[in-house]
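Here are some notes to read alongside the structure. Take them in any order you like.

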Amino acid sequence: MNDIHEKSLALIDELFENISDEEFLTKYNAVEKGIGPLVSEFLGASIGDKYELLQPVSFDLLIDGLHYIQLFQSGTNEDKASFQSAANDCPYSMAA
Amino acid sequence: MSRVEILGFHTCKVTGGAVFLLENAPFISQSSDNQWLTQGYYFWTDSDHFAKIWGRVGYDNQYAILQCNICLDSGLLLDLVGAVTDQQYFQRLASKFKAHLVKVGGNINGLTVNAVIDFYRGESERNPEVFPFLAIKAQDHYEERELIPFTPSATDKMILGITRQQLCVFEGGLATITDKQVIFPETFKKKSDQIIEARNLEGIG
């Protein structure tokens with residue numbers, strides 16, 4: 001990710017640290033109109049589901065590693081074990 | 001910062017005629033529309049293929065197509081189709097939003113892409129750096145497409161078929177939309193071409 005992304009994410013962290021629950025939920029209720037795809041559909045429902053079911057590796061890793069997910073869906077047990085080992089060694093930070 | 005130029009195709013009603021459309025299209029989406037990338041000017045990208053399909057389906061075949069160039073700094077485009085870093089970033093956005101919604105006891109089951117983007121766009125009104133984009137490009141999975149292995153022994157597969165890509169230019173990015181011409185229906189195209197040619201002869205942009 002670039003500086004624009006990093007700055008944005010830092011500001012968003014700050015935002016979520018300071019916003020009250022009430023204000024956040026009010027804003028969320030105002031924007032959630034049920035239009036278009038769900039986040040889970042857009043990012044890949046299987047990805048999100050498998051993330052929850054597997055282990056606490058980084059959400060980033062799981063999404064970035066679409067290849068990783070595809071192997072789990074279609075690969076051999078040997079493939080899965082090999083990729084799982086690589087995933088465990090990944091230096092990615094834990095999900096936010 | 002590099003510039004990005006995208007060929008866009010905007011489908012709209014034929015109401016008003018060629019001159020009106022050339023002057024006034026594209027039209028910003030309304031709250032009643034399925035504006036899943038939030039409110040903005042919507043385009044199909046690169047080809048008029050889906051613009052025509054949308055015209056047949058969404059406008060009962062009574063439609064026109066406006067072709068445009070959308071030109072902007074790459075940093076102002078959130079490209080969820082072709083930029084892995086942008087995809088990574090959006091996943092982080094969604095993840096943070098989702099985590100906070102869970103934290104405050106909200107229901108995440110119906111969380112939509114539209115809501116996530118709309119929330120951050122709202123926050124960017126106070127600080128543009130929160131969500132500093134003028135446009136978003138995304139694609140949806142519109143049908144089952146054939147998977148074909150990369151090699152005979154590969155387990156990894158490539159998805160065959162064209163992707164349905166949309167570009168949403170926010171209202172603040174209107175100035176990025178240039179080189180407008182009506183390309184469909186044919187009668188409108190002819191009129192549009194005449195007007196543009198006349199402008200070029202007169203030295204008008």
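1. A cut-off to start with: a residue counts as exposed when its relative accessible area is over 50%, and as buried when that area is under 20%. By that rule B:Asp60, at 64% relative accessibility, is exposed. Keep in mind that this is a predicted model.

2. Stay with B:Asp60 for a moment. You'll find it in the loop between α2 and β3 of chain B, just after α2(B). Its phi is positive, about 50 degrees, although B:Asp60 is not a glycine.

3. B:Asn61 is in the loop between α2 and β3 of chain B as well. Here too phi is positive in a residue other than glycine, near 65 degrees. With a relative accessible area of 46%, B:Asn61 is partly exposed.

4. Now step back into helix α2 of chain B, residues 49-58, where B:Phe50, B:Ala51 and B:Gly55 are buried. Why do they sit on the same side of α2(B)? Because the arc they cover around the axis is only 145 degrees. The buried residues of α2(B) pack against β1 (3-13), β2 (41-45), β3 (63-73) and β8 of chain B.

5. Strand β8 of chain B spans residues 164-169 and includes B:Gln166. Is B:Gln166 buried or exposed? At 10% relative accessibility it counts as buried. Leaving aside neighbours within four places in sequence, B:Gln166 has contacts that include B:Trp36, B:Tyr42, B:Phe43, B:Trp44 and B:Ile136.

6. Two cis peptide bonds are worth a look. One joins B:Ala25 and B:Pro26, with omega about 5 degrees, and B:Pro26 is in the loop between α1 (17-24) and β2 of chain B. Another joins B:Phe184 and B:Pro185, with omega about 0 degrees; B:Pro185 is in the loop between β9 (177-184) and α5 (186-202) of chain B.

7. On to the interface. Chain A and chain B bury about 4200 Å² between them, 66% of it on carbon and sulfur atoms. The contact takes 38 residues from chain A and 48 residues from chain B.

8. How many salt bridges cross the interface of chain A and chain B? The rule finds 4. B:Lys96 forms a salt bridge with A:Asp13, and their closest N and O atoms are 2.7 Å apart. There are also 8 residue pairs in polar contact across the interface.

9. On the side of chain A that touches chain B, α1(A) gives the most, with 10 residues. The residues of that side divide into 22 nonpolar, 6 polar and 10 charged.

Technical notes: Residues are numbered from 1 along each chain as its sequence is written. Chains are lettered from A and ligands numbered from 1 in the order in which they are written. This is a predicted model: local features need pLDDT of at least 70, side-chain atom pairs count only at pLDDT 80 or more; totals for chains, interfaces and linings use all residues. Side-chain values use heavy atoms; hydrogens and water are left out. Helices (H or I, at least four residues) and strands (E, at least two) are DSSP runs, numbered from the N terminus. Buried means under 20% relative accessible area, exposed over 50%, partly exposed in between (1.4 Å probe, protein chains only). Contact means heavy atoms within 4.5 Å. Buried area is the accessible area (1.4 Å probe) that two parts lose on being put together, summed over both. A salt bridge is a side-chain nitrogen of Lys or Arg within 4 Å of a carboxyl oxygen of Asp or Glu. A polar contact is a pair of N or O atoms within 3.5 Å; within protein, one must be able to donate a hydrogen and the other to accept it, and residues adjacent in sequence count only if both atoms are side-chain atoms. Ala, Val, Leu, Ile, Met, Phe, Trp, Tyr, Cys and Pro count as nonpolar, Asp, Glu, Lys and Arg as charged, and the others, Gly among them, as polar. The arc is that of the directions from the helix axis to the C-beta atoms.
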